[in-house]
Amino acid sequence: LELAVRGRARWVVAIAPSGLNVPPERAFQGTGMGLARVVTRTAAPLIEPLSRSALGRAALLAPLKARPWSTSPEEAIGAREGFADSRDYWRTLLWGLMLDVPRGLDHVDCPVTLVQGVADWVSSGQTVRYLPLVPHSRFRPLLWAGHAPQSDRPRTIVRLVEETARRADQFADSSALRYEHRNRAPDIASVNSDSQAGSVAEKAV
């Protein structure tokens, strides 16, 4: 969305974007993310053994996914890399979640698809708030998806990306047509004015 605000995106699929949450929601999310960091760092040696069973994967990924037991061991281990091993975690949490407030959303001039899992209890109900603020946007709630719908419903996310890209092509064609029409309007008006002036001259003669 930030790239779209700066005019550097042809289309956007935004998955559970934050930024429009109110202070109590920010406190809830910040606390949850902070606890996830502490717990995963403390339990880091146990993550790989837990990832080998469906029950262990469910315990590791329950906050993020609607069906955590169905994930791969590699994805469960990825949670350790994302929470326990990531650099500048606290600074990212502060500026990316606690203090971030999106600005200039009315400047977005490309198709936007807003996506959120229905089972997303981490940021439930926040994505739809972008809908009246972002021009050319649509909201798509996803059943059987949590905070990471790209993992719960990967094929659906790919389809939404393709649909939004097609919308971008149609949007570009429509914009080009409007631009051509605006540029031709003065020329048509000039021709009409010259024709009227010629008719008046002929009558005077």
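Buried means under 20% relative accessible area, exposed means over 50%, and partly exposed lies in between (1.4 Å probe, protein chains only). The model is predicted, so that local features need pLDDT of at least 70 and side-chain atom pairs count only at pLDDT 80 or more, while totals for chains, interfaces and linings use all residues. Residues are numbered from 1 along each chain as its sequence is written, and side-chain values use heavy atoms, with hydrogens and water left out.

**Exercise 1.** Locate Ala16 and state whether Ala16 is buried or exposed.

*Solution.* Ala16 belongs to the loop between strand S1 (12-15) and helix H2 (23-42). Helices (H or I, at least four residues) and strands (E, at least two) are DSSP runs, numbered from the N terminus. The relative accessibility of Ala16 is 12%, and therefore Ala16 counts as buried. Its phi is near 50 degrees, a positive value in a residue other than glycine.

**Exercise 2.** Describe the surroundings of Ser86.

*Solution.* Begin with the position: Ser86 sits in the loop between helix H5 (73-84) and helix H6 (89-98). Because its relative accessibility is 21%, Ser86 counts as partly exposed. Next, leaving aside residues up to four places away in sequence, Ser86 touches Arg37 and Glu81; contact means heavy atoms within 4.5 Å. Ser86 and Arg37 are 49 residues apart in sequence, and their C-alpha atoms are 9.3 Å apart in space. Finally, the side chain of Ser86 reaches the backbone oxygen of Gly82 at 3.0 Å.

**Exercise 3.** Determine the loop and the exposure of Asp88.

*Solution.* Asp88 lies in the loop between H5 and H6. With 44% relative accessibility, Asp88 counts as partly exposed. Asp88 is not a glycine, although its phi is positive, about 55 degrees.

Notes
A polar contact is a pair of N or O atoms within 3.5 Å; within protein, one must be able to donate a hydrogen and the other to accept it, and residues adjacent in sequence count only if both atoms are side-chain atoms.
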